[in-house]
Amino acid sequence: MWRFGVHRKHHSQVTSTSVTSAVTSEISTIVAVATATSSSSTTALPLYAQCGGQDWVTSTTCVSGASCVYQNDYYSQCLPVTASSTSVSSASASSSSIKPASSTATSIAAVTSSTISTSSTATSLSVAISTSTAAAAASSSASSSSSLSFRGGVNTAGYDFSVYTDGSFSGTGTTPPPSQYAHFANQGANVFRIPFAWQLMTPTVGGTIDSTFFAEYDATVQAALASGDDVYVILDLHNYARWNGAVVGQGGPTNAEFASLWSQLAAKYADNERIIFGLMNEPHDLSSLSDWADSVQAAVTAIREAGATSQYMLLPGSSYSSAGTLPTEAGPYLLDVTDPSGGTDKLLFDVHKYLDSDGSGTSTECVTDNVDILTTLVTWLQTNNRQAFLSETGGGNTASCESYLKSELAYVKSNSGYIVGFTAWAAGAFDTTYALTITPNSDGSDQPIWTDAILPNLP
């Protein structure tokens, strides 16, 4: 994110459904895949799509097996009619959303929705699988527990204050107010991103973690984790792929020095599956994208070798982690990054996208909801059977940003099979006069951008 007078960035369906089905040996299996052809399917909303709320003027009809359920005054959603995400019975079919996993999955192609029937002479089993707007897919070797459920939350800045886009640092960091975590979690937030300066964590590049700073940072992490049993925390290295002006693996810190930081952090959080490792904030102006992918691979490998074998990681691209450039710039190289723990479902692409005229996140006025860019991203993710996380987006407390951000996040939520979550920028140590503030007011009330745009799109 831009701050302290430094301009930092320029952000410049076909459905593929992979299905895993386990049937006992007593049942003879026949699988039939069919697309919905009735005229009513053209107007029915997909599972988990928005179907009502303030100013909602389109359809309120959901696909078969789902119903439009009121969530709050701003949002109603198409949800399965049964409690479980996937119901299998001899008498009826229910709907489920299947998320993508490993790129090695065996796929069954479909369009918008499909029905898969399994039968024998004694038992007829039917599972209806309904996809979201951008489609949903699953690995033939993955279980539902391997996919991250939809996340929505907040960046709580402070420890990154005075990190410049050249990776230099001149401050001391500021502790985000711990009370904010319960404040937001009580309203439904289930993920927090906590940025930090590399120089605070290891005062010398490649050196040992500073125990005093880590104790302070970890206290913040623990406050966030304690705000809810299902709350995740993203540890965000906020240095733009640089240390004091020099690029990681490209004349600056070596890959080993970069990996050393993540190895040490991974060892400290190896036993906590609710930690997400955000490898680097907003790399930019990289001379070699393939070399950057090698740097990312070094960090991924170091984290797994340190014993953190189950946590998710956010893999950052180029052009300030632009969601718009990922498919054509760093994305093709990052596809080759491997997880020593196996598969790729724990390797999420880290993307950012702001809504102002130059995409910098510096203006309080917004001009787009980014749906066109995010649609292109989702198509690329779908093609490669991968997922991304929108770890920075936001806008000012203005009518334009409230409208556009609400639309953007609604799109993200309806395509949660591929964009698995978001963290809005920003609260934490920012005061309420900051241009993109979502910091609560002193009386405990929230900013309009939170109430009108973010809150309706939380999980």
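Author: An axis is a line fitted to C-alpha atoms, for helices over the stretch in contact, and angles run from 0 to 180 degrees between N-to-C directions. Helices (H or I, at least four residues) and strands (E, at least two) are DSSP runs, numbered from the N terminus. This is a predicted model, in which local features need pLDDT of at least 70 and side-chain atom pairs count only at pLDDT 80 or more, while totals for chains, interfaces and linings use all residues. Residues are numbered from 1 along each chain as its sequence is written, and side-chain values use heavy atoms, with hydrogens and water left out.

Reader: Are helix 7 and helix 8 roughly parallel or roughly antiparallel to each other?

Author: The axes of helix 7 (residues 371–384) and helix 8 (residues 399–414) come within 10 Å and cross at roughly 15 degrees. Angles under 35 degrees count as roughly parallel, over 145 as roughly antiparallel, 65 to 115 as roughly perpendicular and the rest as oblique. The relation of helix 7 to helix 8 is therefore roughly parallel.

Reader: How do the residues of the contact of helix 7 with helix 8 divide?

Author: Contact means heavy atoms within 4.5 Å, and on this basis Val371, Leu374, Thr375 and Val378 of helix 7 meet Ser407, Glu408, Tyr411 and Val412 of helix 8. Ala, Val, Leu, Ile, Met, Phe, Trp, Tyr, Cys and Pro count as nonpolar, Asp, Glu, Lys and Arg as charged, and the others, Gly among them, as polar. The residues of this contact therefore divide into five nonpolar, two polar and one charged.

Reader: Which residues touch the most other members of the largest nonpolar core?

Author: A nonpolar core is a set of buried Ala, Val, Leu, Ile, Met, Phe, Trp, Tyr and Cys residues joined through side-chain atoms within 4.5 Å. Buried means under 20% relative accessible area, exposed over 50%, and partly exposed in between (1.4 Å probe, protein chains only). In the largest core, which has 87 residues, those that touch the most other members are Tyr217, Trp262 and Phe277.

Reader: What is the relative accessible area of threonine 398?

Author: Threonine 398 lies in the loop between strand 17 (388–392) and helix 8. Not counting residues up to four places away in sequence, threonine 398 touches Thr364 and Glu365. Threonine 398 is buried, and its relative accessible area is 15%.

Reader: What is the value of phi near which tyrosine 240 lies?

Author: Tyrosine 240 is found in the loop between strand 11 (232–237) and strand 12 (242–243), and is buried, with a relative accessible area of 0%. Its phi is positive in a residue other than glycine, with a value near 60 degrees.
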